[in-house]
Amino acid sequence: MRAGLAAIAVALLVAPFAAAERQASPRVTVLGDSVAAAIKLVPAAKRIIGKGIDVRLDLEPCRRLAQLSCPYKGTRPTNALEAIRAAGTGVGSVAVVYVGHNDVPGEYAHDLDVTMQALVSAHVDAVLWVPLREDRPGYRSINQAIREAAARWPQLRIADWASASRGRSAWFAADGLHLSAQGATALARFLRARIGDLVCDAACSHRGPGRQLS
């Protein structure tokens, strides 16, 4: 009887600490379009990207950055800016943005700045931005806008998936753009490694709610 009571007492003492540890998992939001959405459809990819963090996968086909998203199956998904504003501080300390395949290249630089301002306002400490594979002229223009933005926004880090996936035809569908199951897993692993570095930066040397830039 005493042994049973002791076990219960230990369990009651341990439970709050376990709950606190679960709650302390850093929140990371991944914003993407149909390319990144493959991660949601592949269980192994979801497990990899979510390991050790509270990951929120906000991935929608036809999503655009800040312009009206293109129609998909009779509806228009929220754009990334709308999703960020709706989530507010629920975005978390780190955000990943892999959006641009449906965007107008000439508007992307402006929309990127508006989106970054929303992320900073939501108290996001670090943003991992993923360039596109440069297999189309418009995508090269978008990637240039991303590289130039890194000089304006100290919170922005570039995750060069385009280089990491070069020559990996098995990672892609026939269109050379969307991901196979193998590609989704590779992207998840690629992103998770870089998210880990940013989560540590945010937790180990907290920079506060971010800087509003003029």
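Colleague: Why is histidine 123 called partly exposed?
Modeller: Histidine 123 has a relative accessible area of 44%. Buried means under 20%, exposed over 50%, and partly exposed in between (1.4 Å probe, protein chains only). The 44% of histidine 123 falls in between, so the label is partly exposed. Its place is the loop between H5 and S4. This is a predicted model, where local features need pLDDT of at least 70, side-chain atom pairs count only at 80 or more, and totals for chains, interfaces and linings use all residues. Residues are numbered from 1 along each chain as its sequence is written, and side-chain values use heavy atoms, leaving out hydrogens and water.

Colleague: What makes the phi of histidine 123 worth a remark?
Modeller: Phi of histidine 123 is near 65°, a positive value in a residue other than glycine. Most residues other than glycine have a negative phi. Cysteine 62 has a positive phi too, near 70°. Cysteine 62 sits in the loop between S2 and helix H4 (80-87).

Colleague: Why does cysteine 62 count as buried?
Modeller: The relative accessibility of cysteine 62 is 15%. That is under 20%, so cysteine 62 counts as buried. Across the 214 residues of the protein chain, 43% count as buried.

Colleague: How do you know how many helices and strands the protein chain has?
Modeller: They are DSSP runs, numbered from the N terminus: helices are H or I with at least four residues, strands are E with at least two. The protein chain has eight helices and five strands. From the N terminus on, the order is α-β-α-α-β-α-β-α-β-α-β-α-α.

Colleague: What makes S1 and S3 a pair?
Modeller: Two strands pair if DSSP finds at least two bridges between them. Strand S1 (residues 27-32) and strand S3 (residues 94-98) have five, and run parallel. Valine 28 has valine 94 as its bridge partner in S3, and valine 30 has valine 96. S3 and S4 are joined by four bridges, again parallel. There valine 94 stands opposite alanine 126 in S4.

Colleague: In what order do the five strands form the open sheet?
Modeller: The order is S2-S1-S3-S4-S5, with parallel pairing. Strand S2 (54-59) and strand S5 (156-158) are the edge strands, since each pairs on one side only. On average, neighbouring strands of this sheet are turned by 20° against each other, direction ignored. Helix H5 (residues 105-121) lies across S3, strand S4 (126-129) and S5, at about 150° to S4. Such angles run from 0 to 180 degrees between N-to-C directions, with axes fitted to C-alpha atoms, for helices over the stretch in contact.

Colleague: Why is S3 called mostly covered?
Modeller: Five of its five residues are buried. Val94, Val96 and Tyr98 point one way from S3, and Ala95 and Val97 point the other way. In a regular strand the side chains alternate between the two faces of the sheet.

Colleague: What makes tryptophan 161 and tryptophan 171 a stacked pair?
Modeller: Rings of Phe, Tyr and Trp (its six-membered ring) pair if their centres lie within 6.5 Å; planes under 30 degrees apart count as stacked, over 60 as edge-to-face and the rest as tilted. By this rule there are two aromatic pairs. Tryptophan 161 and tryptophan 171 lie 5.4 Å apart, centre to centre, with 5° between the planes, so the pair is stacked. Tryptophan 161 is in helix H7 (residues 161-164), and tryptophan 171, ten residues away, is in the loop between H7 and helix H8 (181-204). Both tryptophan 161 and tryptophan 171 are buried. With Phe190 they form one aromatic cluster.

Colleague: How do you know that arginine 194 lies over the face of phenylalanine 190?
Modeller: A charge sits over a ring if NZ of Lys or CZ of Arg is within 6 Å of the ring centre and within 35 degrees of the ring normal. Arginine 194 is at 3.8 Å from the ring centre of phenylalanine 190. The charged end of arginine 133 sits over phenylalanine 172, 3.7 Å from the ring centre.

Colleague: Where does pLDDT stay under 50, with zero contacts beyond four places in sequence?
Modeller: That stretch is residues 3-23. pLDDT is the predictor's confidence in each residue, from 0 to 100, and a contact means heavy atoms within 4.5 Å. Residues 204-214 also stay under 50, with 21 such contacts. Where pLDDT is low, the predicted coordinates should not be read in detail. The mean for the protein chain is 87, and 82% of its residues reach 70 or more.
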